[in-house]
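Please have your viewer open.

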Amino acid sequence: MSAGFPLSTIGTRIGGGGTSIELLMHDLGEALGSGRDTILMLGGGNPAAIPEVIEVWRRRMQELLDDEGATFSRMLGDYDPPRGSPAFLEAMAGLLRREFGWEVTPDNLAVTAGGQTAFFLLFNLLAGDMPDGSRRKVLLPMAPEYIGYCDLGLTMPLFEAKRPRIEHTGPHRFKYRVDFDSLDIGPDVALVCASRPTNPTGNVMTDDEVRRLAKRCREAGVPLVLDNAYGTPFPQIIFREATPYWDDNTILTLSLSKLGLPGTRTAVVVAPPEIARSIQAMTSITGLANNNVGQAIITPLLESGEIIRLSREVIQPFYKKKAAHALKVAAATLPDNIDYHLHESEGALFLWLWLRGLPISSREFYERLKARGVLVLPGEFFFYGVGEEDWPHSRECLRISFSMDRETVERGFEIIADEAAKAFGR
Ligand SMILES: Cc1ncc(COP(=O)(O)O)c(C=O)c1O
């Protein structure tokens, strides 16, 4: 620290710098800053700017501006209650009851400043140093998992991640599956967490996997946390049939970000009432209240169901088409004489490419691509918590975003294919 002040233990952990997410965000930002016009950006997690969706936000902003009642002045001029705006919570609970038949009331809900904050609060609420001197961790049933979780522990690295079973589903295709044989939910586990659809792989855990996980969690007396950033009922960036899951032992997070509103930093936690109350308490300590602009924009769309129509008829088809195009481009460009496998594309904004037997690490491969103006994410960042034992697979994968325009994806894949051929000496 330049000022030379000593940092606390927690300060060192989260403010000392050098976390993998910080390094990566910095690296991506720098590369973009130095070559915005020339960089082929296949590394980010931004939702696409879908004109029909932006038009809805524009309309809602205008309605808020024109509002003769108090909504506009309240939105900007009043602190919300820390749990969230009462109208938003009612509308959200109503939508979940109508759509899925879940017994949800506003007591089950708490708004947070985005899903990222929801996980920061949830993980530190339940895992870490316990009052009896023991330590409890977050169990990830399937690595690789969302990189944003990796550094969220206030006092220690929180994670134990399990290797999945790898199922070859077709030529050059595979799918990760939960290995229930190795899934031991011991007394040192605070909660089990998975994103569905998964960032970075585009995997969607099957209904059977989710039901089995939920059962194992209930038996072990720990909650199952499902990260629904890309799932149903919104934004519905999910390309296969999958039943949404919630019960009184499950914590589900929903976010407005992938609908196209990441700037509003709004998510909602659906949880047993005691957990929702704790999230509310933590929000009042850390931020007093949440940003309420996203809630105000979205509330009438929750009440009318327009959000479901927008997700099903506009957002889902938009990304499904992007995914199909990216798969086609990958098949057309990647050389057949290298041992490559793409994860089944079942949701989210990414393809997950496994270059089996890659002679260099994915980090080195990422650097070579960056030098040629293509940004992807190296896979090894997503395998935190898997332990020290060597696992070559964890160094052989890349996350490639497909949410940008077709030409960027096409030019990007040509270079990825060329570098892959070179790395394999073909
Ligand atoms: C799986 C997953 N969870 C959570 C988040 C956090 O998103 P936000 O904080 O914008 O809601 C992201 C963002 O990319 C994500 O991919």
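By class, the shell around the ligand has 4 nonpolar, 9 polar and 1 charged residues; Ala, Val, Leu, Ile, Met, Phe, Trp, Tyr, Cys and Pro count as nonpolar, Asp, Glu, Lys and Arg as charged, and the others, Gly among them, as polar. Of these 14 residues, the nearest are Gly 114, Gly 115, Gln 116, Ser 255 and Ser 257, where near asks for a C-beta atom, placed from the backbone, within 6 Å of the molecule. Helix α6 (residues 114-126) supplies the largest share of the shell, 3 residues; helices are DSSP runs (H or I, at least four residues) and strands likewise (E, at least two), numbered from the N terminus.

A word on the ground rules: this is a predicted model, in which local features need pLDDT of at least 70 and side-chain atom pairs count only at pLDDT 80 or more, while totals for chains, interfaces and linings use all residues. Residues are numbered from 1 along each chain as its sequence is written.

Zooming out, the domain assignment, which is automatic or from a database, gives domain 1 (9-52 + 310-423) and domain 2 (80-309). Their centres, taken over C-alpha atoms, are 23 Å apart. The contact takes 43 residues from domain 1 and 46 residues from domain 2, counting pairs whose C-beta atoms, placed from the backbone, lie within 7 Å. On the side of domain 1 that touches domain 2, α10 gives the most, with 9 residues. That side divides into 24 nonpolar, 12 polar and 7 charged residues.

Finally, look at α11 and α12. Phe 365, Arg 368 and Leu 369 in α11 meet Ile 415, Ile 416, Glu 419 and Ala 423 in α12. By class, this contact has 5 nonpolar, no polar and 2 charged residues.

Methods:
Contact = placed C-beta atoms within 7 Å.
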